[in-house]
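Hi everyone, thanks for coming.

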Amino acid sequence: MVGEPKWISCIPYRHKNKKEYTEHTGKHDDVMRLFVAHELFPDILNEVHSYVDESLRSGAPTITMAFWCTHGKHRSVCGAELFGQVLRRVLVNADVTIRHL
């Protein structure tokens with residue numbers, strides 16, 4: 001529903017080599033590369049795109065997405081940072097804020 005926060009699970013985006021994830025946080029380039037290279041990445045990309053598109057078409061004053069996983073250090077941080085960067089470039093005049101809880 002537009003106007004409500006969109007909860008986006010990053011649980012399916014586990015990587016076979018967990019060591020690559022655990023050595024860094026989700027803000028690290030290596031973790032971001034693994035996240036984007038994951039076979040399910042098109043799914044999360046479509047989910048985010050659909051929600052943002054629907055929100056913009058409806059004129060929603062704010063768009064809130066919550067990326068989550070099991071520990072909140074790698075995948076969810078990566079998802080929030082990655083899509084935050086993309087939205088900053090695409091929605092040039094928008095105020096994009098990323099908060100990690």
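So, where is histidine 74 found? Histidine 74 sits in the loop between β2 and α4; helices (H or I, at least four residues) and strands (E, at least two) are DSSP runs, numbered from the N terminus.

Quick housekeeping: this is a predicted model, local features need pLDDT of at least 70, side-chain atom pairs count only at pLDDT 80 or more, and totals for chains, interfaces and linings use all residues. Residues are numbered from 1 along each chain as its sequence is written, and side-chain values use heavy atoms, with hydrogens and water left out.

Back to our histidine. Histidine 74 counts as buried because its relative accessibility is 17%, and buried means under 20% relative accessible area with a 1.4 Å probe, protein chains only. A polar atom of its side chain lies 3.0 Å from the backbone oxygen of histidine 24.

Now the largest pocket. Its lining has 29 residues, and Thr64, Met65, Ala66, Thr97 and Arg99 lie nearest its centre. A pocket here is an open set of points on a 1 Å grid where a 1.4 Å probe fits, with protein on both sides within 12 Å along at least five of seven lines, and lining residues have an atom within 4 Å of a point. Who gives the most to that lining? That's α4, with six residues, while α3 (41–58) and β2 (65–68) each supply at least two.

Last, confidence. pLDDT runs from 0 to 100, and the chain's mean is 87.

Terms used
Buried means under 20% relative accessible area, exposed over 50%, partly exposed in between (1.4 Å probe, protein chains only). A polar contact is a pair of N or O atoms within 3.5 Å; within protein, one must be able to donate a hydrogen and the other to accept it, and residues adjacent in sequence count only if both atoms are side-chain atoms. pLDDT is the predictor's confidence in each residue, from 0 to 100.
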